Amino acid sequence: MNQADGGSPYRIDILTIFPGYFADFCAEGVGRIAIEKGLLDFNVSDIRDFTRDAHRTVDDYPFGGGPGMVMKPEPVSLAIAKAMTEAPKDTRLVILTPRGKVFDQTLASDLSRAKRLVLVCGHYEGLDERIHEIATDDISIGDYVLSGGEPAAAVVADAVTRLLPGVLGDAASLLEESFEDGLLEYPQYTRPQIFNERAVPDVLLSGNHGKISRWRRDQAIIATARRRPDLLRRANLTKEETQLAERLLHDYEKERRRDKD
Ligand code: 6GU
C-alpha cells in the first residue's frame with residue numbers, strides 16, 4: 001500500500017551528523033517529486049541531538065587501541081529508537097558502511113517493497129559493533145572508501161525512491177526492464193543530426209523499427225561485452241547473441257593483450 005492506492009507513504013529516516021547534506025534530495029529531482037506527490041515521507045535526524053554532554057560528543061577512542069575514532073553507541077541508539085517508533089514489522093534498519101553488502105538493483109527493489117527504511121550514516125572508523133547487531137542490513141555502495149555514509153545513503157534513497165509506485169512514469173519502468181535483462185543501455189542520439197562533425201547512425205533514421213531494435217540490442221551486447229563482461233554471463237541471450245558476445249569478448253581480449261605488449 002502507498003499513497004497512490006490510499007495507504008500511507010513510504011517513509012525514509014536518515015540518521016547523520018551532517019543533516020544539511022540531504023537538503024538537495026528534498027529540493028530537487030526524484031526526492032522532491034515523491035515528497036510533493038505525497039508518496040514519500042522523508043526525515044533527517046541529527047545524531048548530535050541525541051547526545052547528553054555539553055560538547056555533543058558522537059565519537060570516542062576504540063577499546064584495544066589503534067588509529068581513528070569510533071561512533072559512540074548511545075546517541076546512535078537513541079536516534080534509531082526515535083526513528084523506529086511505531087515502525088512496521090518489515091522496516092529495514094540499514095547501516096551504510098564499506099564493509100556492507102554491495103548495493104545493486106535487486107537490493108534497491110527489495111528495499112522499495114518495505115514500508116519504512118532507516119539509513120544510519122557511519123563516520124570515523126565505524127560504528128560500535130553493538131549497533132551493527134541490531135541492524136537488518138549493512139550496505140556498501142562499492143569498493144572504494146568514502147569519508148562517511150552520507151553519499152551512500154543519498155544513493156540508496158534515490159534508487160529506492162524512483163521505484164516507488166507512482167513516482168516516475170512509464171519511461172522509468174521500461175528502463176528497469178531493460179536493465180533487468182542484464183545488459184547495459186544502447187547508445188542514444190537526439191538532434192542535431194550532425195554534431196562535432198559526427199553523424200547519427202543511419203539505421204536510427206531509417207524508420208525500420210525491426211532493424212532499429214536489432215541494432216540497439218547488438219549495441220547493448222557490444223557495450224556489455226566490452227565494459228561489463230561480468231554482467232554478460234547472467235544476461236538472457238539467444239544462441240546467436242551468445243556467439244556475438246563471445247566473438248566480441250575474444251576480440252576485446254586480443255586487443256588488450258596487444259596493448260600490453
Ligand atoms: Cl556505505 N561508507 C563509506 N564510508 N565508504 C563507502 C561506502 C559506505 N560504500 C562504499 N564506500
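**Helix packing and cysteines in the predicted model**

In helix α3, which spans residues 73-83, the residues Pro75, Val76, Ala79, Ile80 and Ala83 are buried. Viewed down the axis of α3, these buried residues fall within an arc of 135 degrees, so they line one face of the helix. The structure is a predicted model. The buried residues of α3 pack against the strands β1 (10-16), β4 (70-71), β5 (92-102) and β6 (116-121), and also against helix α5 (129-132).

A helix pair was examined next. Two packed helices are described by the angle between their axes and the distance between the axes. Helix α8 (residues 209-227) packs with helix α10 (residues 239-260) at an angle of about 40 degrees, and their axes are 9 Å apart. The angle makes α8 oblique to α10, because angles under 35 degrees would count as roughly parallel and those from 65 to 115 as roughly perpendicular. The crossing of α8 past α10 is right-handed. On the α8 side, the contact is made by Arg214, Arg217, Asp218, Ile221, Ile222, Ala225 and Arg226. On the α10 side, Glu241, Leu244, Ala245, Leu248, Leu249 and Tyr252 take part.

The structure holds 0 disulfides. Cys26 is in no disulfide, and the nearest cysteine sulfur, that of Cys121, is 13 Å away. A disulfide requires two cysteine sulfur atoms within 2.5 Å. Cys121 is likewise in no disulfide, its nearest cysteine sulfur being that of Cys26. With a relative accessible area of 0%, Cys121 is buried, whereas Cys26, at 33% relative accessibility, counts as partly exposed.

How values were computed. Residues are numbered from 1 along each chain as its sequence is written. This is a predicted model: local features need pLDDT of at least 70, side-chain atom pairs count only at pLDDT 80 or more; totals for chains, interfaces and linings use all residues. Side-chain values use heavy atoms; hydrogens and water are left out. Buried means under 20% relative accessible area, exposed over 50%, partly exposed in between (1.4 Å probe, protein chains only). Helices (H or I, at least four residues) and strands (E, at least two) are DSSP runs, numbered from the N terminus. The arc is that of the directions from the helix axis to the C-beta atoms. Contact means heavy atoms within 4.5 Å. Axes are lines fitted to C-alpha atoms, for helices over the stretch in contact, and angles run from 0 to 180 degrees between N-to-C directions. Angles under 35 degrees count as roughly parallel, over 145 as roughly antiparallel, 65 to 115 as roughly perpendicular and the rest as oblique. A crossing is left-handed if the near helix is turned anticlockwise from the far one by less than a right angle, and right-handed if clockwise.
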